[in-house]
Amino acid sequence: MTISIKRILFPTDFSDSAKNARDYAIALAEKFNAELHLIHVVAPLMPYPDAASPWVMPENEVKLQVDAADQRLRKELDVQW
C-alpha cells in the first residue's frame, strides 16, 4: 500500500512548538510533493457580551488584525508575496 498525501493543513500560533511542527510539515510536503496550507486564527479584540449582542468589530479593527497577522506570517515564514 502506497501513502499518497496531496494536501497538508498546518495550523499555527507562532509558538516555539509550532516552529518545530512547521519544519515537519514543510518536510512532509516536500517529500510527498503536496500542497502546504497554513492557517492562523485572529482572536476577536473583545468578547461578545452575549449571543444576542448586535456588537460587530469595526471594519478598521478587523483590517488592523488581518494586516498584523499577515506581517507575522511573512516574518515567520520569510515569504515574499
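Trainee: Which residues form a nonpolar patch on the surface?
Mentor: Leu9, Ile39 and Val41 do, with about 310 Å² of accessible area together. Patches take residues with over 30% relative accessible area and no salt bridge; like charges are joined within 9 Å, nonpolar side chains (Val, Leu, Ile, Met, Phe, Trp, Tyr) within 5 Å. Accessible areas come from the Shrake-Rupley method with a 1.4 Å probe, and for residues only the protein chains shown count as cover.

Trainee: What should I know about the model itself?
Mentor: It is a predicted model: local features need pLDDT of at least 70, side-chain atom pairs count only at pLDDT 80 or more, and totals for chains, interfaces and linings use all residues. Residues are numbered from 1 along each chain as its sequence is written, and side-chain values use heavy atoms, with hydrogens and water left out.

Trainee: Back to Ile39. Where does it lie?
Mentor: In strand β2. Strands (E, at least two residues) and helices (H or I, at least four) are DSSP runs, numbered from the N terminus. Ile39 is partly exposed, because its relative accessibility is 38%. Buried means under 20% relative accessible area, exposed over 50%, partly exposed in between (1.4 Å probe, protein chains only).

Trainee: And which strand does β2 pair with?
Mentor: β1, residues 7-11; β2 covers residues 35-39. They run in the parallel sense over 5 bridges. Pairing takes at least two DSSP bridges between two strands. Leu9 stands opposite His37 in β2.

Trainee: Which β1 residues are on the covered face?
Mentor: Ile8 and Phe10. Arg7, Leu9 and Pro11 make up the uncovered face. In a regular strand, side chains alternate between the two faces of the sheet.

Trainee: New topic. Where is Thr12 placed?
Mentor: In the loop between β1 and α1. Thr12 counts as buried because its relative accessibility is 10%. Leaving out residues up to four places away in sequence, Thr12 touches Ala18, Leu38, Ile39 and His40. Contact means heavy atoms within 4.5 Å.

Trainee: How many salt bridges are there?
Mentor: The structure has 2. That means a side-chain nitrogen of Lys or Arg within 4 Å of a carboxyl oxygen of Asp or Glu. One joins Lys19 to Asp16, with the closest N and O atoms 3.9 Å apart. Both sit in helix α1, residues 16-32, about one turn apart.

Trainee: What does Asp23 pair with?
Mentor: Arg22, at 3.1 Å between the closest N and O atoms. Arg22 is buried, as its relative accessible area is 17%. Asp23 is partly exposed, at 41%.
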